[in-house]
Amino acid sequence: MEATFHDLKDKVVIISGGANGIGASMVKAFTAQGAQVCFCDVDVVAAESVCAGNDRQPLFRKVDLLKERQVNSWIAAVAKTHGRIDVLINNAACDPRIPLNDMSVHDWDTLIARNLRSCFLTSRAANEHMPKGSSIINFSSITFHNAPPEMTAYVASKGGIISFTRSLARELGPKGIRVNTISPGWIMTDRQLKQFVTPKIKRMLRERQCIATLLQPREIANVAVFLASSLSSAVTGQEILADRGWQHS
Ligand SMILES: NC(=O)c1ccc[n+]([C@@H]2O[C@H](COP(=O)([O-])OP(=O)(O)OC[C@H]3O[C@@H](n4cnc5c(N)ncnc54)[C@H](O)[C@@H]3O)[C@@H](O)[C@H]2O)c1
């Protein structure tokens, strides 16, 4: 049983990429807090299953974050329906492994647009509807710190997220809006387990994390719940590295 953050009840929370992985866990965690959750994704089948498994009726809309008009229209519709937006979570991203010499300009530009420009688009569209006490949560990554090979565009986009967060926190601070980054360690989502996490990687994580237990998506959702709640009112412009101490090793 997770803790209850009473101030999140009835808050309007919007989540990008809520159909899978950490995003789907956040849809569950915020609806469990009694928040009104609106999420977008391009994966309609997975999004429908997230909604079907949740009797608190999260609202899904198909939005491609690469498309400025779709982003603007989604956020305007949420604001019109609910009258405000209390929490914006910029979670959607992609993390392909592409060696430098195989990466086209199109690959690079699309990845940066999906992972970084999308956060600018949602934040620009949402902030006008966000009252004092609201919170924006962006997603960076442990890879910004440990810099694995064949992920140059991804790691660059995640470094950009941390810089974007710092500047946006300063710009929106006068409106009483906090902006923070969560950098997850290696999280055992279905996709990571299917595509990348081998027994060797599990062994490496267990050795290098301060606490060996592998990280689950709901644990990152819990960090987002904390950053959305007024219990974290002292925290803005910051990065929380939720990696069970891996980077510390
Ligand atoms: N899983 C990890 O180990 C890990 C580690 C570090 C950082 N992160 C970060 O955490 C966040 C969530 O990661 P995850 O592993 O749960 O991802 P995921 O791939 O499981 O889910 C991402 C979701 O975003 C959606 N999406 C992608 N592009 C989109 C677009 N253009 N428009 C709308 N939706 C789109 C996908 O369809 C998917 O449902 C990401 O920002 C990721 O970089 C994850």
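Mentor: The account below takes up the helix pairs, then the nonpolar cores, then some individual residues.

This is a predicted model, in which local features need pLDDT of at least 70, side-chain atom pairs count only at pLDDT 80 or more, and totals for chains, interfaces and linings use all residues. Residues are numbered from 1 along each chain as its sequence is written.

Helices (H or I, at least four residues) and strands (E, at least two) are DSSP runs, numbered from the N terminus. Helix H1 (residues 21-32) and helix H9 (residues 217-228) have axes that come within 8 Å and cross at roughly 55 degrees. Axes are lines fitted to C-alpha atoms, for helices over the stretch in contact, and angles run from 0 to 180 degrees between N-to-C directions. H1 and H9 are therefore oblique to each other; angles under 35 degrees count as roughly parallel, over 145 as roughly antiparallel, 65 to 115 as roughly perpendicular and the rest as oblique. Their crossing is right-handed, a term used if the near helix is turned clockwise from the far one by less than a right angle. On the H1 side the contact is made by Gly21, Ile22, Ser25, Met26, Ala29 and Phe30, and on the H9 side by Pro217, Arg218, Ile220, Ala221, Asn222, Ala224 and Val225. Contact here requires C-beta atoms, placed from the backbone, to lie within 7 Å. These residues divide into nine nonpolar, three polar and one charged; Ala, Val, Leu, Ile, Met, Phe, Trp, Tyr, Cys and Pro count as nonpolar, Asp, Glu, Lys and Arg as charged, and the others, Gly among them, as polar.

A second pair is formed by helix H4 (residues 105-126) and helix H6 (residues 152-172), which pack at an angle of about 20 degrees with axes 9 Å apart. That angle makes H4 roughly parallel to H6, and the crossing of H4 and H6 is right-handed. Among the contact residues are Trp108, Leu111 and Ile112 of H4 and Tyr154, Ile161 and Phe164 of H6. The contact of H4 with H6 has 10 nonpolar, four polar and no charged residues.

The largest nonpolar core has 62 residues, of which Val13, Ile14, Met26, Phe30, Ile89 and Ala224 touch the most other members. Such a core is a set of buried Ala, Val, Leu, Ile, Met, Phe, Trp, Tyr and Cys residues joined through C-beta atoms within 7 Å. A residue is buried if 20 or more other C-beta atoms lie within 10 Å of its own, exposed if 12 or fewer, and partly exposed in between. Leaving out residues up to four places away in sequence, Ile14 touches Cys38, Phe39, Val78, Ile85, Leu88, Ile89 and Ala126. A second, separate core of five residues includes Leu111, Phe144, Tyr154 and Val155.

Asp10 lies in the segment before strand S1 (12-16) and has a positive phi of about 70 degrees although it is not a glycine. Most residues other than glycine have a negative phi. Asp10 is exposed, with 11 other C-beta atoms within 10 Å. Arg244, in the segment after strand S7 (239-242), likewise has a positive phi, near 55 degrees. With 21 C-beta neighbours inside 10 Å, Arg244 counts as buried.

How values were computed: Contact = placed C-beta atoms within 7 Å.
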